[in-house]
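User: Hello! I am new to this structure and would like to learn how to read its surface. Could you walk me through it?

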Amino acid sequence: WTGTLEGPKFDDDGEEIEYEIVEETIDNYDSEVAENEDGSFTVTNTNTETVQFEVDKVWVGPVGPSVTVKLMDGETEADSVLLTAENDWTGTLEGPKFDDDGEEIEYTIEEVAIDNYDSEVVENEDGSFTVTNTNTETVEFEVDKVWVGPVGESATIKLMDGETEVDSVTLTAPNWTGTLEGPKFNDEGTEIDYTIVEVAIENYESDVVKNEDGSYAVTNTNIETVEVSGTKTWIGGESPRPSITINLLADGEE
């Protein structure tokens with residue numbers, strides 16, 4: 001890539017000619033001509049081709065005010081775009097197609113971290129990218145077990161989002177206390193209204209009560225019964241017999 005240019009030193013009037021070095025235009029290249037200290041010239045061609053990447057934002061959970069997505073060449077930021085509702089959460093990133101060595105650059109797409117969100121970047125078949133932000137906030141519910149009747153071996157409490165079980169905990173002696181945890185928001189960004197239910201225990205009714213501090217008390221009341229039967233015998237007296245009332249006393253109480 002070296003050559004020599006030659007021309008007359010003087011013009012027809014005997015004046016020394018002041019030459020200029022120019023390069024014919026090459027598609028997709030900028031040309032720069034620099035004179036060296038020794039009087040030679042260096043003609044530098046810099047490729048001007050670029051690549052563009054369309055990025056779309058998807059929210060799983062509450063929608064934030066904005067996000068910044070970056071086009072990265074290794075550790076170097078080549079471009080960035082701010083996505084908001086005003087631009088429909090869509091933007092374009094652009095960078096040089098080739099590096100200084102003429103190798104095509106392999107870019108990555110990254111998002112500036114957002115509190116309470118995990119970010120996932122997926123390249124689509126058409127070369128665009130979808131950046132999905134999933135909310136990571138959770139809620140916790142403390143549950144306590146109360147027994148009315150004989151104490152069972154264990155009890156299983158479930159955290160339900162409608163018909164979907166989100167979490168469960170098995171409570172046992174000695175403290176009969178546990179914690180349930182689930183996402184704070186659903187995919188549409190609405191806070192989930194959970195319910196607490198207990199897996200049925202034979203011979204017990206379950207009552208779930210929310211306390212003022214947000215915890216739950218699950219009371220199991222034994223529903224087993226006993227029956228006492230007998231026969232009334234009359235000795236003496238005349239018919240017809242009067243009616244009688246028989247009372248069942250539990251610990252001295254009717």
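**Reading the surface**

Analyst: Let us begin with Phe41, which lies in strand β2 (residues 41–47); strands (E, at least two residues) are DSSP runs, numbered from the N terminus. This is a predicted model, where local features need pLDDT of at least 70, side-chain atom pairs count only at pLDDT 80 or more, and totals for chains, interfaces and linings use all residues. Residues are numbered from 1 along each chain as its sequence is written, and side-chain values use heavy atoms, leaving out hydrogens and water.

User: Which residues form the negative surface patch?

Analyst: Like charges are joined within 9 Å, and nonpolar side chains (Val, Leu, Ile, Met, Phe, Trp, Tyr) within 5 Å. Asp and Glu count as negative, with the charge placed at CG of Asp or CD of Glu. Here the patch is formed by Asp73, Asp99, Asp100, Asp101 and Glu103. Asp73 is found in strand β4 (residues 67–73).

User: And which residues form the nonpolar patch?

Analyst: Val33, Phe41 and Val43 do, with about 210 Å² of accessible area together, by the Shrake-Rupley method with a 1.4 Å probe.

User: Is Pro8 buried or exposed?

Analyst: Pro8 is exposed, at 53%, in the segment before β1 (29–35). Contact means heavy atoms within 4.5 Å; leaving aside neighbours within four places in sequence, Pro8 is in contact with Ile17 and Tyr19.

Terms used: Patches are made of residues with over 30% relative accessible area and no salt bridge: like charges are joined within 9 Å, nonpolar side chains (Val, Leu, Ile, Met, Phe, Trp, Tyr) within 5 Å. A salt bridge is a side-chain nitrogen of Lys or Arg within 4 Å of a carboxyl oxygen of Asp or Glu. Helices (H or I, at least four residues) and strands (E, at least two) are DSSP runs, numbered from the N terminus. Buried means under 20% relative accessible area, exposed over 50%, partly exposed in between (1.4 Å probe, protein chains only).
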